Amino acid sequence: QMQLVESGGDLVQPGSSLRLSCAGSGIGFSHRTMAWYRQAPGKTRELVASIRPGHTTDYEQSVEGRFTISRDNSKSTVDLQMNSLKPEDTAVYYCKAARIWLETDDYWGQGTQVTVSL
């Protein structure tokens, strides 16, 4: 089982940078694929970036080159560095820990709001 707590959301201007952090507590963090999702008002939740236990990363096309996902297994944290933010990046950002072993469900944090506006 795992608990996730996100932090770092804020109101920023276009072109700004922001760093989100997700702290995990529980078992097996280093074995889990970790990911950041986001959900804008009226839209479905979408995958933004993921990082595997071996640190291989994947990005949604619209954030490629602007966002960087990283993890620190010694601290059980996964961060999302967001640069050159655009108004369309506005959303609630969620951290997800993928299920492992015999678990049946993934784990989600409560979300953190990112608003990009003048």
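Colleague: Which residue is the bridge partner of F67 in β8?

Modeller: F67 has M82 of β8 as its bridge partner. The model is predicted, with local features requiring pLDDT of at least 70 and side-chain atom pairs pLDDT 80 or more, while totals for chains, interfaces and linings use all residues. Residues are numbered from 1 along each chain, and side-chain values use heavy atoms, without hydrogens and water.

Colleague: How many bridges join β7 to β8?

Modeller: There are 6, and the two strands run antiparallel. Strands are DSSP runs of E, at least two residues, numbered from the N terminus; two of them pair if DSSP finds at least two bridges between them.

Colleague: What is the strand order in that open sheet?

Modeller: The order is β1-β3-β8-β7, with antiparallel pairing. β1 (2-7) and β7 (67-72) are the edge strands, each pairing on one side only.

Colleague: Changing topic, which cysteines form a disulfide?

Modeller: C22 and C95 do, with sulfur atoms 2.1 Å apart; the criterion is a pair of cysteine sulfur atoms within 2.5 Å. C22 lies in β3 (residues 18-26) and C95 in β9, so the link ties together parts 73 residues apart in sequence.

Colleague: Are C22 and C95 buried or exposed?

Modeller: Both C22 and C95 are buried. Buried means under 20% relative accessible area, exposed over 50%, and partly exposed in between (1.4 Å probe, protein chains only).

Colleague: Why does W101 count as exposed?

Modeller: W101 counts as exposed because its relative accessibility is 60%. W101 sits in the loop between β9 (91-97) and β10 (107-108).

Methods:
Helix = DSSP H or I, 4+ residues; strand = E, 2+ residues; numbered from the N terminus.
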